[in-house]
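This report describes selected packing features of one protein model. Please consult the sequence and the structure shown here while reading.

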Amino acid sequence: CSRRSWREPMLSWMAASALDGRVPYSDVFEVKPPLTHIVHQAALLLFGHSMASIRILDLLWQFAAAVFIYKIAGQMEQPRRVGIVAGVLYLLFHFHWGFWNTAQTDGFINLPVAVGVLFFLQARQKKCFWLYIASGAAISLGSLFKYPIGVLVVFLSFLMVAQSGRKGLIPALWMGAGFA
């Protein structure tokens with residue numbers, strides 16, 4: 001039995017255990033960050049206790065991520081067809097992995113990160129502090145799927161300072177506040 005073949009049932013079992021009143025990381029343990037288990041719990045609550053439920057949620061989740069990728073291309077003033085191609089390619093590459101490699105933390109991280117990048121681009125254009133906060137918060141949600149993605153806030157902050165000098169420090173602080 002490969003590592004991938006038992007990972008998904010383990011996550012679903014942990015989610016079902018939490019729904020039955022057990023405490024994650026205490027009564028039942030799996031090393032994934034907390035939003036992975038919460039997404040699996042949502043799938044069980046929304047679509048029933050079957051392995052198809054996480055597949056349905058994954059399909060909807062990835063479609064939403066593709067829509068945000070499309071919007072990112074539009075925010076970058078790309079032609080509409082570029083956004084459509086980017087979203088479709090994202091879906092094709094994500095779902096070509098196969099049964100055991102989808103509905104995983106690596107795929108669920110993409111939606112909050114795409115939302116964070118879109119908010120960042122909108123904040124840069126509109127110079128709106130609450131969009132920087134929303135960007136940091138969305139990336140923070142992504143880090144609750146995989147902790148290392150939190151470094152994206154640091155990279156985007158460096159980008160702001162590199163492009164705007166000292167004026168980029170305040171937006172970086174707003175984004176850091178949203179992340180926190």
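## Helix H4 and its buried face

Gly-83, Gly-87, Tyr-90 and His-94 are buried in H4; buried denotes under 20% relative accessible area, exposed over 50% and partly exposed in between, with a 1.4 Å probe and protein chains only. Viewed down the axis of H4, the buried residues fall within an arc of 60°, so they line one face of the helix; the arc is taken over the directions from the helix axis to the C-beta atoms. An α-helix has 3.6 residues a turn, so residues three or four places apart point the same way. The face of H4 turned away from its buried side carries Arg-81, Leu-92 and Phe-93, which are exposed.

H4 comprises 16 residues, 80-95, and reaches 23 Å from its first C-alpha to its last, close to the 22 Å expected at 1.5 Å a residue; the expected span is 1.5 Å times one less than the number of residues. The buried residues of H4 pack against helix H3 (51-75), helix H5 (105-108) and helix H6 (110-126). Helices are DSSP runs (H or I, at least four residues), numbered from the N terminus, and contact means heavy atoms within 4.5 Å.

## Basis of the model

The model is predicted: local features need pLDDT of at least 70, side-chain atom pairs count only at pLDDT 80 or more, and totals for chains, interfaces and linings use all residues. Residues are numbered from 1 along each chain as its sequence is written, and side-chain values use heavy atoms, leaving out hydrogens and water.

## Aromatic pairs

The structure holds 5 aromatic pairs. Rings of Phe, Tyr and Trp (its six-membered ring) pair if their centres lie within 6.5 Å; planes under 30 degrees apart are stacked, over 60 edge-to-face and the rest tilted. The ring centres of Trp-61 and Phe-145 are 5.9 Å apart and their planes stand at 80°, so this pair is edge-to-face. Trp-61 lies in helix H3 and Phe-145 in the loop between helix H7 (129-143) and helix H8 (151-164), 84 residues apart. Ring pairs join Trp-61, Phe-108 and Phe-145 into a cluster.

## Nonpolar core

The largest nonpolar core has 28 residues, and Val-39, Phe-145 and Met-175 have the most contacts inside it. Such a core is a set of buried Ala, Val, Leu, Ile, Met, Phe, Trp, Tyr and Cys residues joined through side-chain atoms within 4.5 Å. Beyond its neighbours within four places in sequence, Val-39 is in contact with Ile-54, Leu-57, Trp-61, Phe-108 and Phe-145.

Conventions:
Helix = DSSP H or I, 4+ residues; strand = E, 2+ residues; numbered from the N terminus.
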